[in-house]
Number of protein chains: 2
Amino acid sequence: MAAAETARVNERKRVVVLGGGFGGINAALGLAKLPLDITLVDRKNHHTFQPLLYQVALAVLSPAEIAQPIRSILRDHQNIEVLMDEVVGFDVSQQRVELKTGAQLEYDYLIVATGSTHSYFGKDQWARLAPGLKTIEDATEIRRRVLLAFELAEREMQEHGTHPPLNFVVIGGGPTGVELAGAISDIAKLYMAKDFRHIDPGTAKVQILEGSPNILAAYPPDLQKKAAEQLNALGVSIRTNAHVSDVQPGYVMVGDERIDAAVTLWAAGVQASPLGKLLGFPTDRRGCVIVDQFLNPPGHPEIFICGDLAHVEENGKQIPGVAQPAMQMGAYAAKRIGRLVARDFGSDGTGLNQPFHYFDKGDMATIGRKAAIAKIEWPFHAHWSGFPAWITWLVVHIFFLIGFRNRIAVFRQWAWTYLTLSDGARLITGSQELPGWAVPEAPQSVAEEQLDLASPKTN
Amino acid sequence: MAAAETARVNERKRVVVLGGGFGGINAALGLAKLPLDITLVDRKNHHTFQPLLYQVALAVLSPAEIAQPIRSILRDHQNIEVLMDEVVGFDVSQQRVELKTGAQLEYDYLIVATGSTHSYFGKDQWARLAPGLKTIEDATEIRRRVLLAFELAEREMQEHGTHPPLNFVVIGGGPTGVELAGAISDIAKLYMAKDFRHIDPGTAKVQILEGSPNILAAYPPDLQKKAAEQLNALGVSIRTNAHVSDVQPGYVMVGDERIDAAVTLWAAGVQASPLGKLLGFPTDRRGCVIVDQFLNPPGHPEIFICGDLAHVEENGKQIPGVAQPAMQMGAYAAKRIGRLVARDFGSDGTGLNQPFHYFDKGDMATIGRKAAIAKIEWPFHAHWSGFPAWITWLVVHIFFLIGFRNRIAVFRQWAWTYLTLSDGARLITGSQELPGWAVPEAPQSVAEEQLDLASPKTN
């Protein structure tokens, strides 16, 4: 081998990982053992355990219990650096990533795992009126609105003898929508029952509006039915084939029908991270990058797409954008990169013909505090519902939390809140405004003016 | 007694308590045992344990660990209702409180305990540049800025080979300023030491700027000296007789001298809640209502002012605006109201000549994670410093937390973070902007536009 070539071969390769979610973190952890330099980039400083975000949204857990700084997770691996920055462009021929600050990152291998975000089906103005649930900020905003609705109703009742109906509308009947709806009902009927003097939180009505003929489309019909039964038992009503045509402060429109809503939540659509289109490769309707069996886009064996951003098919069906596939794809990409690098170093290329295969262990969704549905595929096939499914969900989710401390802390917090119906994390922080709530205007007082200046209200 | 008079005497009296801090909560708990109807009003839904706010600001504890919904604290008392509302005016002759929503609350007795807020000495435009520490929102904003400064420095170093100096300036050398400064130093030198690859957080410089000749003016000279030594040992520098003449993004001015600051924090002045002036009684220079020995303003034995809002003197010195006096005043007001009501019912007026007396048990402030100063007045007189003072501080503060669950949870969280130097609650939520940080502008990408619409950034 010529000296230059030897030098190139012996130089440490650099892997750039975009995204600190399940895909990116698992990729980084897999790569850490290899003789590589890794740079992980994320717009936020923390990794969020998204499956438990709804627990933050309903004020049972605090943000810090389900999120951890990325630096902490990767702290012990000296060959991994973490950059808090945002990607604004790619130059795949030059193997470079362009960052918002103007800097550029060169890579030998690139893993793009920036996930998905909300889709309002083109009606982006609905975002402010109907928050979704993907980030800590989303969760605390939902928390703020839900808790505020009860506070404002109590106040209205005390001061004016009446209050707008406590109607909560969840648009979307997939797992997120079902979990949110069940949890709102719990909060209202159980946790907050004794807190108010003028309203009965138990009168809160929760309604799921689902556009297709069934909630939980990814689940088999028997589990869909069980879920609907359990939701009804919790006081949650379900409307299927209900297409929301408009979202306004205080109500939504289903066709010509107006449905009043003190709080409206969005769980109806996701689209891929915009980095999908920015990469320049073919994408599907949702913006997911179409990849081959090695998770590579066409013509680029050095680029891997993992998680919600990837369009991967298994047995003719698209792999869903949930946590398990993202984790597995990240681990696979790391392993494959390891094999490619080994081949460059003269190994015989063992395992390079091994494609990505999704190992579906099953899926589950909670319904309130005592029930769930679970579609189990491993270690055996089964459909569970009710309390056994809920216990399984608890165990599985707690143990998949990244980071030992979080597991113990979350379990304890949960156990306490569950057993004692205690107040969890029911803090309202930030503004006391709820779009669409008809509150009579009062003149701004001196008090308000001075306080506005003195206390920053951002959180 | 005439029938009408019997009726009036036998009607349940209504007490309105304004403020859900130490004064208001303790007053409400004291009143709960009496045959009265109590309404507690606060602009927020939660009570905040202010002495531990700096732990949230420095990302060791989460907001929910030091704050609790007021409804929860008072849940078991059926004669107490909680209203989340804001007071905009008083009519003391008619015995009425005017609320922001336009409603009015009538009272037989009124307890005003709305505390204090930041004073920027007239320069309210400094509030945005130098946040203070009085509320959960304040604490998480400080947290955001401090953590962000390290993240941005790491990024600048990685991308451009240099970074602005990590200078943290705390304006004000009282207990709050000292605790913040010591904690920033801890975070930088200990907790985050292994998190970064390009910067050494230990190079962060923390400086206290105090306008008077000494820090910790309320403490005796020997403890002031110990505190200064301990701060210096932590790498915190102290400038006394330093009057800040201007606060700008990225620096402050002391006279003609410019001091660069990545993050500037305000711990220099408080003023009474604006309700003090709104009441219409004589106030002192800071807006505190001047009260007599029964905590009543002139001519109104049915109105009590408690906590930071009250100007009360004991042995010729004004009682400081800290937690202990507020709690004691609240309890006293409740007891006195009980005696007044009993007298109306025909009792002989026992105890009505008993004035408020502040029982000073002492004061303490932490300095970093291993040291503190403690001025102990009960059960004996002593000046402690170093580790023994710190342990005392720990025990006292944990056990004064309102609410059993919080005590255990906070202790555990603390113990873990302390012993393992773990990541605590180091989440950056909300925007990634830091006023004054010179970041090169990049054109807004499609990515950014879509994400701005889809994800609300409030928290």
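Trainee: What should I know before reading any values?
Mentor: This is a predicted model, where local features need pLDDT of at least 70 and side-chain atom pairs count only at pLDDT 80 or more, while totals for chains, interfaces and linings use all residues. Residues are numbered from 1 along each chain as its sequence is written, chains are lettered from A and ligands numbered from 1 in the order in which they are written, and side-chain values use heavy atoms, with hydrogens and water left out.

Trainee: How many salt bridges are there over all chains?
Mentor: The search of the whole structure gives 30. A salt bridge here is a side-chain nitrogen of Lys or Arg within 4 Å of a carboxyl oxygen of Asp or Glu.

Trainee: Which residue does Glu81(A) pair with?
Mentor: Arg14(A), at 3.8 Å from N to O. Glu81(A) is in strand E5 and Arg14(A) in strand E1 of chain A, so the bridge ties together parts 67 residues apart in sequence. Strands (E, at least two residues) and helices (H or I, at least four) are DSSP runs, numbered from the N terminus.

Trainee: Are those two buried or exposed?
Mentor: Glu81(A) is buried at 8% relative accessibility, and Arg14(A) is partly exposed at 26%. Buried means under 20% relative accessible area, exposed over 50%, and partly exposed in between, with a 1.4 Å probe and protein chains only.

Trainee: What does Arg155(B) bridge to?
Mentor: Asp85(A), with the closest N and O atoms 3.7 Å apart. Arg155(B) lies in helix H6 of chain B and Asp85(A) in the loop between E5 and E6 of chain A, so this pair joins two chains. Both Arg155(B) and Asp85(A) are buried.

Trainee: Switching topic. How many residues of H7(A) are buried?
Mentor: 13 of its 17, so call H7(A) mostly covered. The helix covers residues 175–191 and reaches 22 Å from first C-alpha to last, close to the expected 24 Å. That expected span is 1.5 Å times one less than the number of residues.

Trainee: And which residues make the nonpolar surface patch?
Mentor: Phe387(A), Ile391(A), Val395(A) and Phe399(A), about 380 Å² together. Patch residues have over 30% relative accessible area and no salt bridge; like charges are joined within 9 Å, and nonpolar side chains (Val, Leu, Ile, Met, Phe, Trp, Tyr) within 5 Å. Areas come from the Shrake-Rupley method with a 1.4 Å probe, and for residues only the protein chains shown count as cover.

Trainee: Where does Ile391(A) sit?
Mentor: In helix H11 of chain A, residues 387–400. Ile391(A) is partly exposed, at 35% relative accessibility.
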